Amino acid sequence: PEPAVSAALARDLDAAMELDAAGRGLLAAREAVRAREALVRSPIPGAPAIGGSWRTDLRGPRMAREGDLEVAAPVWLPGQRSALGATVEAGITEAERRFALRRLEVAGLLRDAYWAVGAAESDRRVALDRLATARDIARDFERRAHFGDISGIEALLGRNEVLTAELAAARASAAVDLARTAYRTLTGGPAFALAAPQAFAGGMAGVRPEPIPGPPARISHPALAAAEAALEAAEARVRLVAATPRENPEIGIFGRAQYGSVTEQGVSVGLRFRLPLATEARNAPRRAEAEAERTRALAELEQVRRVLGGEITQARIRLAAAQQARRLAAERRGIAEQQLAAARTSFANGEIGAFDLFRVRQLQLEAQAAEAQAAIALGRARSQLNQAEGVVPGG
(Lines give C-alpha, C1' and ligand atoms only; values in the text may rest on other atoms or scores of the structure.)
Protein backbone atom coordinates (compact mmCIF):
# COMPACT_ATOMS: atom_id res chain seq x y z
CA PRO A 1 0.00 0.00 0.00
CA GLU A 2 1.10 3.56 -0.74
CA PRO A 3 0.48 6.10 2.08
CA ALA A 4 1.03 8.97 -0.35
CA VAL A 5 -1.86 7.84 -2.51
CA SER A 6 -4.12 7.35 0.51
CA ALA A 7 -3.31 10.87 1.74
CA ALA A 8 -3.92 12.27 -1.75
CA LEU A 9 -7.29 10.51 -1.91
CA ALA A 10 -8.17 12.10 1.43
CA ARG A 11 -7.40 15.54 -0.02
CA ASP A 12 -9.56 14.81 -3.04
CA LEU A 13 -12.32 13.63 -0.72
CA ASP A 14 -12.21 16.92 1.17
CA ALA A 15 -12.58 18.78 -2.12
CA ALA A 16 -15.49 16.58 -3.16
CA MET A 17 -17.27 17.10 0.17
CA GLU A 18 -17.05 20.87 -0.22
CA LEU A 19 -19.11 20.51 -3.40
CA ASP A 20 -21.46 17.75 -2.28
CA ALA A 21 -24.99 19.13 -1.96
CA ALA A 22 -26.16 16.42 0.44
CA GLY A 23 -23.18 16.94 2.73
CA ARG A 24 -23.63 20.69 2.81
CA GLY A 25 -27.31 20.19 3.55
CA LEU A 26 -26.48 17.97 6.52
CA LEU A 27 -24.10 20.59 7.92
CA ALA A 28 -26.81 23.22 7.53
CA ALA A 29 -29.31 20.92 9.26
CA ARG A 30 -26.88 20.47 12.14
CA GLU A 31 -26.61 24.23 12.60
CA ALA A 32 -30.39 24.52 12.47
CA VAL A 33 -30.68 22.00 15.31
CA ARG A 34 -27.90 23.73 17.22
CA ALA A 35 -29.83 26.99 17.02
CA ARG A 36 -32.48 25.42 19.28
CA GLU A 37 -29.96 25.60 22.13
CA ALA A 38 -31.00 29.25 22.52
CA LEU A 39 -34.44 28.04 23.62
CA VAL A 40 -32.94 25.55 26.08
CA ARG A 41 -30.86 28.33 27.66
CA SER A 42 -33.84 30.68 27.83
CA PRO A 43 -35.55 31.14 31.23
CA ILE A 44 -38.93 30.79 29.52
CA PRO A 45 -40.00 28.22 26.90
CA GLY A 46 -41.16 30.80 24.41
CA ALA A 47 -41.53 34.49 23.72
CA PRO A 48 -43.10 36.88 26.24
CA ALA A 49 -46.14 38.89 25.18
CA ILE A 50 -47.48 42.35 25.88
CA GLY A 51 -51.21 43.03 25.73
CA GLY A 52 -53.62 45.75 26.74
CA SER A 53 -57.06 47.23 26.33
CA TRP A 54 -58.84 50.56 26.74
CA ARG A 55 -62.51 51.41 27.01
CA THR A 56 -64.73 54.44 27.71
CA ASP A 57 -68.36 55.02 28.57
CA LEU A 58 -70.61 55.94 25.64
CA ARG A 59 -71.87 58.91 27.64
CA GLY A 60 -68.60 60.71 26.88
CA PRO A 61 -64.85 60.35 27.18
CA ARG A 62 -64.81 62.07 30.57
CA MET A 63 -67.59 60.08 32.19
CA ALA A 64 -65.81 56.72 32.64
CA ARG A 65 -62.43 55.48 31.36
CA GLU A 66 -60.58 52.23 31.93
CA GLY A 67 -57.23 50.90 30.59
CA ASP A 68 -55.38 47.59 31.03
CA LEU A 69 -51.74 46.73 30.34
CA GLU A 70 -50.44 43.15 30.68
CA VAL A 71 -47.07 41.42 30.37
CA ALA A 72 -47.22 37.59 30.14
CA ALA A 73 -44.74 34.76 29.56
CA PRO A 74 -44.95 30.94 29.31
CA VAL A 75 -43.49 28.74 32.06
CA TRP A 76 -41.42 25.56 31.75
CA LEU A 77 -43.16 22.34 32.64
CA PRO A 78 -41.34 20.04 35.09
CA GLY A 79 -38.60 18.19 33.20
CA GLN A 80 -39.39 19.89 29.90
CA ARG A 81 -36.18 21.88 29.61
CA SER A 82 -33.88 18.89 30.20
CA ALA A 83 -35.93 16.74 27.80
CA LEU A 84 -35.75 19.44 25.13
CA GLY A 85 -32.00 19.79 25.70
CA ALA A 86 -31.62 16.05 25.20
CA THR A 87 -33.43 16.23 21.84
CA VAL A 88 -31.15 19.07 20.71
CA GLU A 89 -28.02 17.17 21.70
CA ALA A 90 -29.27 13.99 20.05
CA GLY A 91 -30.22 15.93 16.91
CA ILE A 92 -26.75 17.46 16.62
CA THR A 93 -25.12 14.06 17.08
CA GLU A 94 -27.40 12.51 14.47
CA ALA A 95 -26.61 15.24 11.92
CA GLU A 96 -22.86 14.86 12.50
CA ARG A 97 -23.00 11.09 12.12
CA ARG A 98 -25.11 11.33 9.01
CA PHE A 99 -22.52 13.71 7.61
CA ALA A 100 -19.81 11.12 8.39
CA LEU A 101 -21.92 8.52 6.59
CA ARG A 102 -22.31 10.82 3.60
CA ARG A 103 -18.55 11.32 3.58
CA LEU A 104 -18.13 7.54 3.37
CA GLU A 105 -20.65 7.40 0.50
CA VAL A 106 -18.76 10.08 -1.42
CA ALA A 107 -15.54 8.20 -0.66
CA GLY A 108 -17.10 5.17 -2.32
CA LEU A 109 -17.88 7.20 -5.44
CA LEU A 110 -14.35 8.59 -5.42
CA ARG A 111 -12.83 5.13 -5.01
CA ASP A 112 -14.87 3.81 -7.93
CA ALA A 113 -13.76 6.73 -10.09
CA TYR A 114 -10.15 6.28 -8.97
CA TRP A 115 -10.05 2.63 -9.95
CA ALA A 116 -11.88 3.39 -13.19
CA VAL A 117 -8.94 5.62 -14.05
CA GLY A 118 -6.62 2.83 -12.92
CA ALA A 119 -8.33 0.33 -15.19
CA ALA A 120 -8.15 2.76 -18.13
CA GLU A 121 -4.47 3.48 -17.42
CA SER A 122 -3.79 -0.26 -17.27
CA ASP A 123 -5.51 -0.87 -20.59
CA ARG A 124 -3.50 1.95 -22.16
CA ARG A 125 -0.21 0.52 -20.88
CA VAL A 126 -1.11 -2.84 -22.38
CA ALA A 127 -2.10 -1.17 -25.66
CA LEU A 128 1.18 0.79 -25.80
CA ASP A 129 3.19 -2.35 -25.06
CA ARG A 130 1.30 -4.11 -27.83
CA LEU A 131 2.04 -1.25 -30.22
CA ALA A 132 5.75 -1.23 -29.38
CA THR A 133 6.06 -4.97 -29.89
CA ALA A 134 3.98 -4.84 -33.09
CA ARG A 135 6.28 -2.20 -34.56
CA ASP A 136 9.33 -4.22 -33.61
CA ILE A 137 7.91 -7.36 -35.26
CA ALA A 138 6.79 -5.36 -38.32
CA ARG A 139 10.31 -4.00 -38.81
CA ASP A 140 11.67 -7.55 -38.59
CA PHE A 141 9.10 -8.73 -41.14
CA GLU A 142 9.97 -5.94 -43.56
CA ARG A 143 13.66 -6.65 -43.27
CA ARG A 144 13.20 -10.38 -43.89
CA ALA A 145 10.79 -9.72 -46.76
CA HIS A 146 13.41 -7.43 -48.31
CA PHE A 147 15.92 -10.27 -48.28
CA GLY A 148 13.33 -12.73 -49.53
CA ASP A 149 13.19 -14.84 -46.39
CA ILE A 150 9.40 -14.43 -46.15
CA SER A 151 6.69 -13.53 -48.61
CA GLY A 152 5.18 -10.09 -48.99
CA ILE A 153 1.83 -11.40 -47.70
CA GLU A 154 3.46 -12.34 -44.41
CA ALA A 155 5.10 -8.91 -44.22
CA LEU A 156 1.65 -7.33 -44.51
CA LEU A 157 0.64 -9.18 -41.36
CA GLY A 158 3.10 -7.08 -39.40
CA ARG A 159 1.79 -3.84 -40.91
CA ASN A 160 -1.79 -4.84 -40.19
CA GLU A 161 -0.92 -5.60 -36.57
CA VAL A 162 0.71 -2.17 -36.20
CA LEU A 163 -2.42 -0.41 -37.47
CA THR A 164 -4.63 -2.50 -35.17
CA ALA A 165 -2.39 -1.70 -32.20
CA GLU A 166 -2.41 2.02 -33.04
CA LEU A 167 -6.22 2.02 -33.11
CA ALA A 168 -6.38 0.21 -29.77
CA ALA A 169 -3.88 2.64 -28.24
CA ALA A 170 -5.90 5.65 -29.45
CA ARG A 171 -9.09 4.25 -27.97
CA ALA A 172 -7.34 3.44 -24.69
CA SER A 173 -5.96 6.99 -24.45
CA ALA A 174 -9.43 8.44 -25.00
CA ALA A 175 -10.80 6.16 -22.28
CA VAL A 176 -8.14 7.46 -19.89
CA ASP A 177 -9.13 11.06 -20.62
CA LEU A 178 -12.80 10.26 -20.03
CA ALA A 179 -12.09 8.46 -16.73
CA ARG A 180 -9.90 11.31 -15.49
CA THR A 181 -12.59 13.83 -16.41
CA ALA A 182 -15.17 11.85 -14.46
CA TYR A 183 -12.86 11.81 -11.43
CA ARG A 184 -12.28 15.57 -11.59
CA THR A 185 -16.01 16.14 -11.89
CA LEU A 186 -16.44 14.62 -8.43
CA THR A 187 -13.69 16.74 -6.87
CA GLY A 188 -14.41 19.93 -8.76
CA GLY A 189 -10.99 19.88 -10.41
CA PRO A 190 -8.38 18.60 -7.92
CA ALA A 191 -6.93 15.16 -8.65
CA PHE A 192 -4.11 14.73 -6.13
CA ALA A 193 -4.48 10.95 -6.06
CA LEU A 194 -4.09 10.68 -9.83
CA ALA A 195 -0.95 12.81 -9.73
CA ALA A 196 0.70 10.85 -6.91
CA PRO A 197 3.93 9.14 -8.07
CA GLN A 198 2.73 5.81 -6.65
CA ALA A 199 -0.68 5.93 -8.33
CA PHE A 200 -1.57 2.55 -9.84
CA ALA A 201 1.92 1.21 -9.20
CA GLY A 202 1.41 -2.41 -10.04
CA GLY A 203 -2.32 -1.98 -9.45
CA MET A 204 -1.76 -2.05 -5.67
CA ALA A 205 -2.10 1.65 -4.89
CA GLY A 206 -5.08 3.30 -3.30
CA VAL A 207 -6.24 2.68 0.24
CA ARG A 208 -4.30 0.70 2.80
CA PRO A 209 -5.81 -2.58 4.01
CA GLU A 210 -7.40 -2.35 7.44
CA PRO A 211 -7.35 -4.97 10.22
CA ILE A 212 -10.20 -7.43 10.31
CA PRO A 213 -13.05 -5.86 12.35
CA GLY A 214 -14.94 -7.49 15.16
CA PRO A 215 -18.43 -9.01 15.02
CA PRO A 216 -21.05 -6.97 13.13
CA ALA A 217 -22.60 -5.66 16.36
CA ARG A 218 -19.30 -3.97 17.26
CA ILE A 219 -18.35 -2.63 13.85
CA SER A 220 -17.28 1.02 14.02
CA HIS A 221 -19.07 2.03 10.84
CA PRO A 222 -20.61 5.43 10.00
CA ALA A 223 -23.85 3.73 8.91
CA LEU A 224 -24.13 1.97 12.25
CA ALA A 225 -23.23 5.14 14.14
CA ALA A 226 -25.85 7.11 12.20
CA ALA A 227 -28.52 4.47 12.89
CA GLU A 228 -27.67 4.48 16.60
CA ALA A 229 -27.85 8.28 16.66
CA ALA A 230 -31.24 8.18 14.94
CA LEU A 231 -32.51 5.79 17.60
CA GLU A 232 -31.17 8.02 20.38
CA ALA A 233 -32.88 11.03 18.79
CA ALA A 234 -36.18 9.13 18.54
CA GLU A 235 -35.96 8.08 22.19
CA ALA A 236 -35.24 11.68 23.18
CA ARG A 237 -38.40 12.77 21.36
CA VAL A 238 -40.39 10.11 23.21
CA ARG A 239 -39.13 11.52 26.52
CA LEU A 240 -39.98 15.05 25.43
CA VAL A 241 -43.53 14.02 24.57
CA ALA A 242 -43.87 12.38 27.99
CA ALA A 243 -42.57 15.54 29.70
CA THR A 244 -45.05 17.82 27.90
CA PRO A 245 -48.56 16.40 28.44
CA ARG A 246 -50.01 19.91 28.11
CA GLU A 247 -49.16 23.23 26.58
CA ASN A 248 -46.95 25.51 28.66
CA PRO A 249 -48.68 27.39 31.49
CA GLU A 250 -48.63 31.14 31.24
CA ILE A 251 -48.20 33.78 33.96
CA GLY A 252 -49.05 37.42 33.40
CA ILE A 253 -48.89 40.64 35.41
CA PHE A 254 -51.35 43.37 34.57
CA GLY A 255 -52.12 46.89 35.69
CA ARG A 256 -55.50 48.58 35.45
CA ALA A 257 -56.29 52.33 35.55
CA GLN A 258 -59.89 53.55 36.12
CA TYR A 259 -61.07 57.16 36.03
CA GLY A 260 -64.30 59.06 35.89
CA SER A 261 -67.75 57.90 36.90
CA VAL A 262 -66.80 54.37 37.93
CA THR A 263 -67.17 52.33 41.08
CA GLU A 264 -63.43 52.36 41.83
CA GLN A 265 -60.96 54.99 40.70
CA GLY A 266 -57.17 54.76 40.55
CA VAL A 267 -54.61 52.17 39.55
CA SER A 268 -54.57 48.48 40.52
CA VAL A 269 -52.17 45.59 39.84
CA GLY A 270 -53.09 41.94 39.36
CA LEU A 271 -51.68 38.50 38.53
CA ARG A 272 -53.15 36.25 35.88
CA PHE A 273 -52.38 32.50 35.46
CA ARG A 274 -53.34 30.23 32.56
CA LEU A 275 -52.96 26.42 32.79
CA PRO A 276 -53.92 24.38 29.70
CA LEU A 277 -55.33 20.93 30.50
CA ALA A 278 -53.93 17.63 29.26
CA THR A 279 -56.22 15.78 26.86
CA GLU A 280 -55.92 12.54 24.94
CA ALA A 281 -57.01 14.32 21.78
CA ARG A 282 -53.73 16.22 21.93
CA ASN A 283 -51.38 13.66 23.48
CA ALA A 284 -52.40 10.38 21.84
CA PRO A 285 -51.27 11.36 18.30
CA ARG A 286 -48.01 12.80 19.64
CA ARG A 287 -47.21 9.63 21.59
CA ALA A 288 -48.09 7.42 18.65
CA GLU A 289 -45.94 9.43 16.27
CA ALA A 290 -42.96 9.39 18.65
CA GLU A 291 -43.30 5.64 19.25
CA ALA A 292 -43.57 4.99 15.54
CA GLU A 293 -40.39 6.95 14.95
CA ARG A 294 -38.59 4.98 17.65
CA THR A 295 -39.82 1.67 16.22
CA ARG A 296 -38.64 2.65 12.75
CA ALA A 297 -35.22 3.75 14.04
CA LEU A 298 -34.79 0.51 15.99
CA ALA A 299 -35.71 -1.59 12.95
CA GLU A 300 -33.28 0.35 10.76
CA LEU A 301 -30.49 -0.14 13.31
CA GLU A 302 -31.02 -3.90 13.35
CA GLN A 303 -31.12 -3.98 9.56
CA VAL A 304 -27.90 -1.97 9.27
CA ARG A 305 -26.15 -4.41 11.58
CA ARG A 306 -27.20 -7.36 9.45
CA VAL A 307 -26.34 -5.69 6.16
CA LEU A 308 -22.91 -4.51 7.30
CA GLY A 309 -21.96 -7.98 8.46
CA GLY A 310 -22.92 -9.42 5.09
CA GLU A 311 -21.13 -6.71 3.11
CA ILE A 312 -17.89 -7.20 5.02
CA THR A 313 -18.02 -10.96 4.54
CA GLN A 314 -18.61 -10.53 0.81
CA ALA A 315 -15.79 -7.99 0.56
CA ARG A 316 -13.38 -10.42 2.23
CA ILE A 317 -14.39 -13.17 -0.18
CA ARG A 318 -13.87 -10.85 -3.16
CA LEU A 319 -10.46 -9.82 -1.83
CA ALA A 320 -9.34 -13.43 -1.37
CA ALA A 321 -10.52 -14.28 -4.88
CA ALA A 322 -8.75 -11.21 -6.31
CA GLN A 323 -5.50 -12.18 -4.59
CA GLN A 324 -5.66 -15.66 -6.05
CA ALA A 325 -6.56 -14.33 -9.50
CA ARG A 326 -3.64 -11.90 -9.40
CA ARG A 327 -1.21 -14.69 -8.55
CA LEU A 328 -2.50 -16.98 -11.30
CA ALA A 329 -2.56 -14.17 -13.87
CA ALA A 330 1.05 -13.30 -13.07
CA GLU A 331 2.08 -16.93 -13.55
CA ARG A 332 0.15 -17.10 -16.82
CA ARG A 333 1.84 -13.98 -18.14
CA GLY A 334 5.26 -15.31 -17.22
CA ILE A 335 4.63 -18.47 -19.23
CA ALA A 336 3.21 -16.45 -22.14
CA GLU A 337 6.32 -14.25 -22.17
CA GLN A 338 8.50 -17.33 -22.37
CA GLN A 339 6.35 -18.72 -25.20
CA LEU A 340 6.62 -15.50 -27.16
CA ALA A 341 10.38 -15.33 -26.74
CA ALA A 342 10.71 -18.94 -27.94
CA ALA A 343 8.36 -18.29 -30.85
CA ARG A 344 10.34 -15.27 -32.01
CA THR A 345 13.52 -17.30 -31.87
CA SER A 346 11.87 -20.11 -33.85
CA PHE A 347 10.57 -17.61 -36.40
CA ALA A 348 14.03 -16.11 -36.80
CA ASN A 349 15.41 -19.61 -37.42
CA GLY A 350 12.67 -20.35 -39.93
CA GLU A 351 11.11 -23.07 -37.81
CA ILE A 352 7.64 -21.46 -37.72
CA GLY A 353 5.77 -19.03 -39.92
CA ALA A 354 4.32 -15.60 -39.32
CA PHE A 355 0.84 -16.95 -38.60
CA ASP A 356 2.17 -19.19 -35.83
CA LEU A 357 4.14 -16.29 -34.38
CA PHE A 358 1.04 -14.09 -34.24
CA ARG A 359 -1.00 -16.83 -32.58
CA VAL A 360 1.60 -17.01 -29.80
CA ARG A 361 1.70 -13.19 -29.71
CA GLN A 362 -2.09 -13.09 -29.23
CA LEU A 363 -1.83 -15.46 -26.29
CA GLN A 364 0.80 -13.21 -24.74
CA LEU A 365 -1.40 -10.13 -25.24
CA GLU A 366 -4.34 -11.84 -23.59
CA ALA A 367 -2.18 -12.92 -20.64
CA GLN A 368 -0.73 -9.42 -20.26
CA ALA A 369 -4.19 -7.82 -20.31
CA ALA A 370 -5.55 -10.38 -17.85
CA GLU A 371 -2.64 -9.77 -15.46
CA ALA A 372 -3.16 -6.01 -15.61
CA GLN A 373 -6.90 -6.38 -15.01
CA ALA A 374 -6.24 -8.73 -12.08
CA ALA A 375 -3.88 -6.20 -10.53
CA ILE A 376 -6.48 -3.45 -10.75
CA ALA A 377 -9.19 -5.81 -9.48
CA LEU A 378 -7.06 -6.56 -6.43
CA GLY A 379 -6.63 -2.86 -5.68
CA ARG A 380 -10.35 -2.30 -6.15
CA ALA A 381 -11.15 -5.25 -3.86
CA ARG A 382 -9.02 -3.73 -1.11
CA SER A 383 -10.82 -0.43 -1.48
CA GLN A 384 -14.17 -2.23 -1.40
CA LEU A 385 -13.21 -3.97 1.84
CA ASN A 386 -12.26 -0.62 3.38
CA GLN A 387 -15.56 0.80 2.12
CA ALA A 388 -17.50 -2.07 3.69
CA GLU A 389 -15.66 -1.57 6.97
CA GLY A 390 -16.46 2.16 6.93
CA VAL A 391 -12.87 3.36 6.50
CA VAL A 392 -12.43 6.59 4.54
CA PRO A 393 -9.21 7.41 2.66
CA GLY A 394 -6.57 8.67 5.04
CA GLY A 395 -8.71 7.70 8.04
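This is a predicted model: local features need pLDDT of at least 70, side-chain atom pairs count only at pLDDT 80 or more; totals for chains, interfaces and linings use all residues.

Right, here's the answer. Once you set aside anything within four places in sequence, V360 touches Q339, L340 and A343. V360 itself is found in helix α9. As a bit of distance bookkeeping, V360 and R144 are 216 residues apart along the chain, and their C-alpha atoms are separated by 19 Å.

Let's stay with α9 and see what packs against it. Two packed helices are described by the angle between their axes and the distance between the axes. So that's what I'll quote for each pair.

Start with helix α8, residues 280–348. The axes of α8 and α9 come within 7 Å, crossing at roughly 160°. Anything over 145 degrees counts as roughly antiparallel, so that is how α8 runs relative to α9. The handedness here is left: α8 passes α9 in a left-handed crossing. If you sort the contact of α8 with α9 by class, you get 25 nonpolar, five polar and 13 charged residues.

Next up, helix α4 against α9. Helix α9 spans residues 354–389, and its axis and that of α4 come within 10 Å. They cross at roughly 165°, so α4 and α9 are roughly antiparallel to each other. This time the crossing is right-handed, with α4 passing α9 that way. By class, the contact of α4 with α9 has 16 nonpolar, ten polar and seven charged residues.

There's a residue in α4 I'd like you to click on, and that's R130. Why does R130 count as buried? Its relative accessible area is 18%, and the cut-off for buried is under 20%, so R130 makes it into that class. Leaving out neighbours within four places in sequence, R130 is in contact with E161, T164, A165, A168, R361 and L365.

On the α5 side the contact is made by E154, L157, G158 and E161, and on the α9 side by A354, F355, F358 and L365. In class terms, the contact of α5 with α9 comes to five nonpolar, one polar and two charged residues.

Okay, switching to charges. Side chains of opposite charge can pair when their charged atoms come close. How many salt bridges does the structure hold? The count is 31, and I'll show you a few of them.

First on my list is R180 with E121, where the closest N and O atoms are 2.6 Å apart. This one links distant parts of the chain: R180 is in helix α5, residues 152–187, while E121 is in helix α4, residues 80–146, and the two are 59 residues apart. Both R180 and E121 are buried.

Then there's R256 with D68, a salt bridge with its closest N and O atoms 2.9 Å apart. Here the link between distant parts of the chain goes from R256 in strand β3, residues 250–260, to D68 in strand β2, residues 64–74, with the partners 188 residues apart. R256 has 27% relative accessibility, so it counts as partly exposed.

Last one: R30 and E31, whose side chains meet in a salt bridge at 3.1 Å, N to O. R30 comes out as partly exposed because its relative accessible area is 22%. E31 counts as partly exposed too, at 38% relative accessibility.

Notes:
Residues are numbered from 1 along each chain as its sequence is written. Side-chain values use heavy atoms; hydrogens and water are left out. A salt bridge is a side-chain nitrogen of Lys or Arg within 4 Å of a carboxyl oxygen of Asp or Glu. Buried means under 20% relative accessible area, exposed over 50%, partly exposed in between (1.4 Å probe, protein chains only). Helices (H or I, at least four residues) and strands (E, at least two) are DSSP runs, numbered from the N terminus. Contact means heavy atoms within 4.5 Å. Axes are lines fitted to C-alpha atoms, for helices over the stretch in contact, and angles run from 0 to 180 degrees between N-to-C directions. Angles under 35 degrees count as roughly parallel, over 145 as roughly antiparallel, 65 to 115 as roughly perpendicular and the rest as oblique. A crossing is left-handed if the near helix is turned anticlockwise from the far one by less than a right angle, and right-handed if clockwise. Ala, Val, Leu, Ile, Met, Phe, Trp, Tyr, Cys and Pro count as nonpolar, Asp, Glu, Lys and Arg as charged, and the others, Gly among them, as polar.
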